[in-house]
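This report describes selected features of one protein chain. The sequence and structure are shown first, and the description follows.

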Amino acid sequence: MVERPERLPHIQLQLIIEGSAKPFTSVGRKQNPQTAANLSNRQGHGKRLKSSLDFLISDWQYTQEQREKESKPSLSEKSKPIILQIDPTAFDSNDLRKFGIEVVAELENGYIIGASANDPEFSELQKKIELFIQQQKGGNKISEIWDIIDGSRRPEYILSAELLNEWEQIRDEQIYTVDVGISCIGAKSRFPDFPEQKPDESNEKYSNRVNKWISKRDATYDEWDDLAFERQQDLTSFVETYNGRITSSFVEADIPNGAKLPDSFSCRIQISGQGLKDLVFNFPYIFDVSEPDEFAEIIIESTSSDDNTPAFSLEKPDNNAPKVCVIDSGIQERHSLLRAAIDSASSRSWVPGEIHITADGVKNGGHGTRVAGAIIYPNTIPRTGSEKAVCWIQNARVLDADCKLPKQLYPPNLLGEIVGVYHKQTGTRIFNHSVTGAVACQTQYMSAWASTIDNLTWEQDILFVVAAGNLPLNGKIGSTRLSIQDHFAANRQYPDYLLENSCRIANPAQSFQALTVGSVSSISYKVPPCSSVSQKDQPSAFSCSGLGIWSTIKPEVVEYGGDFVKNQGTPPDITSPKEVCPELVRSTLSGGPAVASDNVGTSFAAPKVSHIAACLAAEFRDESCLLYRALIVQSAQWPEWAMSSNVNKLQVLRQIGYGIPNINRALGNFPNRVTLITRGERRLKARQAHVYQVKLPEQLRSPGEELEILVEVTLSYKAQPRRTRRNRRKYLSTWLDWDCSGKGEDPERFLARILKEHDAPDDTDKGDGIFKWMLGKQNNHGIVRDVSRSAGTIQKDWTYVKSFELTEAFCIAVVGHKGWNNDPDATVPYSLAISFESTQANIPIYTSFVEAQVKLEIPTQVEI
């Protein structure tokens with residue numbers, strides 16, 4: 001099991017001051033050159049837009065006439081599809097409603113999938129174009145509408161990469177199964193602006209205006225619900241006209257009033273090729289069409305293993321021990337090394353036709369059994385003695401005996417049901433999800449699978465631990481996922497090939513609020529003429545890499561999931577001897593030993609992180625999963641090879657994220673390390689900032705001291721997702737980041753600066769405080785270029801400093817920013833961890849840090 005040395009407890013961080021920035025009015029921004037050029041060429045730009053719009057309208061009218069002749073399903077005359085490109089900085093996409101356009105989906109670089117909103121002739125847009133040409137009031141915003149895109153290009157903005165590659169080969173009569181996303185928010189894409197109290201307005205009058213705003217907000221929720229139902233009916237009718245059918249229930253953001261915002265629903269459909277083409281080109285509210293993901297595990301030949309079942313005895317965990325739900329192929333529940341930890345009363349199967357079979361039917365040792373074993377035994381499996389299990393294992397079987405996810409199971413529906421069963425009925429908070437798609441995830445929008453994880457995580461206090469995905473050993477998968485042998489045959493060498501787009505993490509590993517786990521090798525193997533592809537602590541030959549969607553750091557952490565061995569051939573032959581495979585519990589239902597080192601994959605790295613999460617849940621029972629996620633990432637560090645000066649740090653970050661987590665650093669401290677954490681629920685609104693202060697011991701700051709100190713900071717938060725918006729600031733209801741104080745900057749001055757800079761343009765140099773961080777708050781501000789720590793909902797950064805460079809105290813501010821939600825009462829929860837570690841293990845700093853912390857009263861809130 002896990003050897004745990006004596007640990008010192010984490011210290012509570014002190015919130016010492018908080019404040020809010022005043023409501024934003026305007027900030028001078030540089031005008032985009034394209035917008036400026038349009039302003040200086042009103043005739044040319046205006047006439048070009050007018051011509052594009054006229055063509056769109058006439059083409060739609062022709063399409064409608066043809067539809068009637070061909071008996072195709074009728075389409076609403078009130079809604080015509082349109083794709084535009086707007087100035088992504090200056091033009092608020094929500095303002096398109098003033099032009100009579102509903103935003104169906106917002107893409108990157110200013111591209112908008114839209115539909116006319118009860119204005120089939122786009123009359124409002126035409127009026128404003130004319131005002132722009134005539135240099136009249138109300139027309140200038142047209143300069144920020146850069147282009148109206150030809151409708152024939154809709155597939156490239158709507159289809160997944162896999163489906164787009166196959167689009168020209170779609171046959172009219174063939175039946176296709178696809179997943180679709182439909183926008184259902186209408187022209188009212190957000191609430192009315194919350195009223196601000198006027199200087200001479202009485203409290204009673206202001207209260208009445210607020211109550212009216214609340215009534216309008218609640219009425220808007222009702223309108224969204226009605227619109228979602230209407231569009232579900234429209235889609236059903238459209239599909240059935242082509243003798244197709246909806247094969248899943250609708251997955252939608254069905255959100256309680258006052259808390260959340262619906263924006264779309266998704267489902268799986270079967271439809272003819274002719275119907276699919278019609279749907280993509282002409283159904284106004286569709287924004288996502290993709291083929292169903294298929295789960296593809298690495299298939300390798302079995303190698304020699306331990307034929308003797310260990311005499312070790314696993315004891316039942318405590319009754320109130322944490323529960324970890326294993327979403328996989330089932331588990332051999334009576335296995336001698338697992339049965340004491342199995343919560344058999346909660347076992348369920350979702351496999352069609354086999355809902356009463358929860359056993360792991362995958363041949364050659366199973367899959368879910370191995371995953372469950374890695375949660376209980378993250379390192380090696382004891383051969384003698386006994387020990388109590390750290391957690392209960394729950395069995396949610398979703399993969400069939402071929403280790404495939406049946407197409408009848410639509411992952412968003414499936415995960416909603418699983419969380420409903422296990423979290424709501426048994427209080428389960430940790431879900432191990434080693435099931436991923438076979439191809440690289442999309443980076444232009446969040447998939448329904450990944451956004452469902454984000455939404456479930458937002459709604460409940462749960463943690464999904466997700467595998468990063470694996471590269472196939474042989475044979476290309478789909479049109480985008482190349483195998484390891486393909487890369488070697490193309491003379492792409494390890495580890496360079498891991499940075500190819502075809503090696504990107506698999507769906508749903510891009511989920512913002514899941515913890516994604518890649519794999520590293522546990523040994524360096526060399527038995528001439530063979531050697532391991534990787535070396536010890538380096539990324540496994542098969543482990544999918546980041547960055548994730550919108551340049552988020554994925555995978556966040558890595559664990560030991562095995563490696564491959566190659567010979568000197570060109571291209572080389574690849575094998576997997578037991579020396580490079582992790583030792584795992586093995587199903588014996590189809591024969592074979594109980595324990596084996598005969599399989600590899602990120603599927604078996606993820607449960608080792610679930611083990612750490614379970615230990616944290618046992619240690620910090622009353623704390624949120626956000627803290628568990630923060631402490632796992634905070635405990636992770638890059639191995640020694642990654643710190644070498646000649647290693648490309650961005651490539652390291654893409655391959656192994658923040659590094660290998662350490663259970664002992666996650667759970668506690670040592671004499672040379674101290675970690676300070678937030679306790680309980682901390683929530684933040686947009687435009688609000690919380691400032692925490694850490695006092696640094698005087699003896700540590702002595703001019704005579706030249707200790708090297710590692711400083712680490714991790715922020716973990718969650719927010720409500722909105723799938724039709726394709727960048728992090730619009731995808732999340734509220735987004736957070738953190739900042740560090742400058743040298744000699746007291747908390748009050750630091751807070752004032754943070755709030756003053758709140759609305760500064762993105763390209764403003766805001767600095768990074770007293771430290772030179774590894775990543776930095778903004779792109780190109782840290783040691784690693786072309787990336788920032790602020791992209792995701794888990795934000796870690798670290799630096800090495802000399803002790804004499806430290807000041808008496810320094811502060812960290814957690815800052816809230818407005819996302820899609822303009823409700824001023826909307827808050828998001830977070831956890832924060834800050835660590836100091838002497839790189840010389842024999843130099844104690846823990847006690848002096850504890851003594852230096854002084855509790856300060858929180859002053860009254862500040863508005864700047």
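## A buried histidine

H10 counts as buried because its relative accessibility is 8%; buried means under 20% relative accessible area, exposed over 50%, and partly exposed in between, with a 1.4 Å probe and protein chains only. The residue H10 belongs to the segment that precedes β1 (11-12).

## Basis of the model

The model is predicted, so local features need pLDDT of at least 70 and side-chain atom pairs count only at pLDDT 80 or more, while totals for chains, interfaces and linings use all residues. Residues are numbered from 1 along each chain as its sequence is written, and side-chain values use heavy atoms, with hydrogens and water left out.

## Surroundings of H10

Not counting residues up to four places away in sequence, H10 touches F620, L631, R665, A666, L667, G668, N669, T675 and I677; contact means heavy atoms within 4.5 Å.

Two of these neighbours also have polar links to H10. The H10 side chain reaches the backbone oxygen of A666 at 2.9 Å, and a polar contact of 3.1 Å connects it with the side chain of N669. A polar contact is a pair of N or O atoms within 3.5 Å; within protein, one must be able to donate a hydrogen and the other to accept it, and residues adjacent in sequence count only if both atoms are side-chain atoms.

## The open sheet

An open sheet is formed by 4 strands in the order β4-β5-β3-β6, with antiparallel pairing. Its edge strands, β4 (101-106) and β6 (145-149), each pair on one side only. Strands are DSSP runs (E, at least two residues) numbered from the N terminus, and two of them pair if DSSP finds at least two bridges between them.

Strands β3 (residues 81-86) and β5 (residues 111-116) run antiparallel and are joined by 5 bridges. Y111 in β5 is the bridge partner of Q85.
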